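Welcome! Take a moment to look over the sequence and the model before reading on.

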Amino acid sequence: MSDSIVSRRRAIALAGVGVAGVAGAAAVGGALVKGASAEEPHPVEGAVGFTGEHQAGIVTPAQDRLHFVAFDVITKDRERLVGMLKDWTTAAARMTAGRDAGEIGAVGGIPEAPPDDTGEALGLPPSALTITVGFGPTLFRDATGKDRFGIAARRPEALADLPHFAGDRLDEAISGGDLCVQACANDPQVAVHAIRNLARIGMGVVSVRWSQLGFGRTSSTSTTQATPRNLFGFKDGTSNLKLEETELLREHLWVQPGDGPEWMTGGSYLVSRKIRMIVETWDRSSLAEQEMIVGRRKGSGAPLGKTGEFEEPDLDARGADGEPVLAVNSHVRLAHPNTNGGARLLRRGYNFVDGSDGLGRLDAGLFFVAYQRDPRKQFVPIQRSLSRSDEMNEYLKPVSQALFACPPGVTGPVDFWGRALFS
Amino acid sequence: MRTTRILALAAVGVLGGALAACGGDKADDTAAGAAGGPITVKASDTACEVARNQTDAGTSVFTVTNGGNKVTEFYVYAPGDRVMGEVENIAPGLTRELHVELPAGSYETACKPGMIGKGIRAALTVSGSAAPLTDDAKLADATASYSRYVRSQTAALLPRTEEFVAAVKAGEVDKAKALFPVTRTYWERIEPVAEIFGDLDPKIDGREEVIEEGMEFTGFHRLEKDLWAAKPDVSQDGPIADQLLADVKEIVAKANAEKLSPLQLANGAKALLDEVATGKITGEEDRYSHTDLWDFNANIEGSKAAIASLRPVLEERDPALVKTLDAEFANVDTTLAKYRDGDGWKLHNTLSEADLKGLSDAINALAEPISKVAAVVSKK
């Protein structure tokens, strides 16, 4: 099938008439556009555009499924690393358009060669797949302080190691990483396919450090989306930054010229935290207590003291008893911008259930993902406030944390992830 | 089992059987005589004295005497460590001959006291004229070269198995335990060839869980289980040991007679890495003795030998791939070398998760490019 732009689903439909049939259809129909690698000549139905000023997968309306992976770079060879980033960019452009990862594809090659696509997404539509890449602090300098790839001087100050937060007992094996890839899609198989193929392409250059599947979004990143619920049963992400809030995004999400090194302009910083939720004890707490802890009504999502989900919480309101309507240690109050010097985040988390633990409890929780312009001014103060006082902490167990600098978007066929950083 | 099917399929491939072996062990004493007679090699635990470092093209004969205390091996390598010929398992005090056909070119000789490492190397220059090989001749040469390798391994596997079996039957537990990983080295180097003979492989090398109902748990791993038991007892294992030797004899005869296609070599090189990736990294293979790293190393050596045989073809068709393979084989060797312990290897259960991940990464980095070799070999 060589480098045709025929989408996976289309390829399957046409495969019945054989290779010649595909060529013929392409010639006659004329509807099948030609193009290569990172080009996007025409939008494919159900596909999210790959190129642009910013990476897709940040303000893109949050898809239902996540496969997130952190890699360690195992080569010392800068050229190999750059070569892999180019290969990743090309493969990601193809896969987000609903095509096979490689030019030959899952079934288009000679019988003796392993296919350059793993095949499990054959017949599936693009499913709004986005692939977002980030660079971790350890890519710039390793634990011994070594400048691994001659880019230490380009490490943004905003990519400062995160401080310890009270109550965190993090598992190093599933924290950090030199590179990350976030694959989001409306079909879990499409997200897994993307990560699997990128990991394969990266063998010898990177090694998977840890990965996480998420099965349900816990945030809305667009006003067109309904607010989903987390595993505590509450609406999550009501007051999230949203795609449509261009001004706020500039202020809180995208790195602006002059913020730091130029290669990050148009990018954003990603913080991930895997937070185990002890759902069994949560489920035994009364509705009133749950709502008091969260600071919202469980049904409507309205802040306590209000009736509509999107009404602003009133941090100063007091009840008949003289106590604050929103408890001092409620989640909504502690996370609110007014409590944190105006800091806001674009959250993009997912629920996870990794089966059950040895005690028969659901091994479940929230894989928190948040994007921002500067973690030092946004995530860190908010998390400090939460980790110190949040009543919810009794039911939470943070187990992993990571920070990545996600560069701006890829602008065209010759551009690739990290080009400005490595040029 | 999967390997068996792949190799069986490959046997009907384009090049299978059509190529007659050339070179090989057949002695051409005229040429050897013209080159000045046999070249004597005095091997010891620390030295490898090769009488001449130049010879004429044609068949050379090396007479190798082991004056050391360790069992040794002698190799003649073409560039890229392609084995042109080798004698294995030269016990202290023994003299063995190697007949090897060498076209003009630069080679290296090597003794490997203790049968490990890169060996004690010396340059060997072969002069004389020889027409450059055609593409098909290079492929034929590849299979002939690999056949020589297989025969060199089976030639050592058999006596080693005899020793191991004798130790088991004599109830010499410590001796049998010491021989177990060494004997298996010869087996593991050529395992994909052995796996062509489907029913013999599980009898010789089957793990406890692969045994089907109605079949007895026999072979290396059955003896391993008894030898490494809390209270080792091999007193009832005589028939198992006899059966192992009979099965090994049968497979040696079959393997020596088997003519492999270049495609089978390519798939075999990959299959050996798959063995490492699935069985050795996890410690499943030698779960009682934990001597998996011996097998690991032997699989890598076997894979390297198959690729080395194909090297002239690969260099012509895809030099970049050869460069990648050289680098990744070297990376695997360096990573594995961290776990060397004297003449052997550390036990699998003494390696940390991080150690094993490092080995796994190195294998993945090598196995991906190796998986591309078959397509290069099969293209016309």
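This report walks through the two chains, from the overall picture to single residues.

This is a predicted model, in which local features need pLDDT of at least 70 and side-chain atom pairs count only at pLDDT 80 or more, while totals for chains, interfaces and linings use all residues. Residues are numbered from 1 along each chain as its sequence is written, and chains are lettered from A and ligands numbered from 1 in the order in which they are written.

**Where the chains meet**

Let us begin with the contact between the chains. Eight residues of chain A touch 12 residues of chain B; two residues are in contact if their C-beta atoms, placed from the backbone, lie within 7 Å. On the chain A side, five of these residues are nonpolar, two are polar and one is charged. Here Ala, Val, Leu, Ile, Met, Phe, Trp, Tyr, Cys and Pro count as nonpolar, Asp, Glu, Lys and Arg as charged, and the others, Gly among them, as polar.

**Chain A**

Chain A contains 11 helices and 10 strands. These are DSSP runs numbered from the N terminus, with helices (H or I) of at least four residues and strands (E) of at least two. Of its 423 residues, 47% count as buried. A residue is buried if 20 or more other C-beta atoms lie within 10 Å of its own, exposed if 12 or fewer, and partly exposed in between, with C-beta atoms placed from the backbone. Among the contacts in chain A between residues at least 6 apart in sequence, 72% link residues at least 24 apart.

| Helix | Residues | Number of residues | Reach, first to last C-alpha | Expected span |
|---|---|---|---|---|
| α5 of chain A | 188-201 | 14 residues | 20 Å | 20 Å |
| α9 of chain B | 262-280 | 19 residues | 26 Å | 27 Å |

Strand β10 (residues 396-406) of chain A has nine of its 11 residues buried, so the rest of the structure largely encloses it. Strand β6 (residues 268-277) of chain A runs antiparallel to β10(A), and 10 bridges join them. Met277(A) has Leu396(A) in β10(A) as its bridge partner.

Ala128(A) sits in the loop between α3 and β2 of chain A. Its phi is near 55°, a positive value in a residue other than glycine. Most residues other than glycine have a negative phi. Ala128(A) counts as buried, because it has 22 C-beta neighbours inside 10 Å.

**Chain B**

The contact between them takes 16 residues from domain 1 of chain B and 11 residues from domain 2 of chain B. On the domain 1 side, α3 (135-169) and α10 (292-317) of chain B each supply at least two residues, and α3(B) gives the largest share, nine residues. By class, that side has six nonpolar, four polar and six charged residues.

Chain B also has an open sheet of five strands in the order β3-β9-β8-β5-β6, with mixed pairing; two strands pair if DSSP finds at least two bridges between them. Which strands stand at the edges? They are β3 (54-56) and β6 (82-90) of chain B, each with a single partner strand, so one side of each lacks a neighbour in the sheet. β3(B) runs parallel to strand β9 (residues 120-127) of chain B, with three bridges joining them. Gln54(B) stands opposite Thr125(B) in β9(B).

Returning to helix α9(B), 16 of its 19 residues are buried, so the rest of the structure largely encloses this helix. His290(B) lies in the loop between α9 and α10 of chain B. Its phi is near 60°, again a positive value in a residue other than glycine. Is His290(B) buried, partly exposed or exposed? His290(B) is partly exposed, because 18 other C-beta atoms lie within 10 Å.

How values were computed
The expected span of a helix is 1.5 Å times one less than its number of residues.
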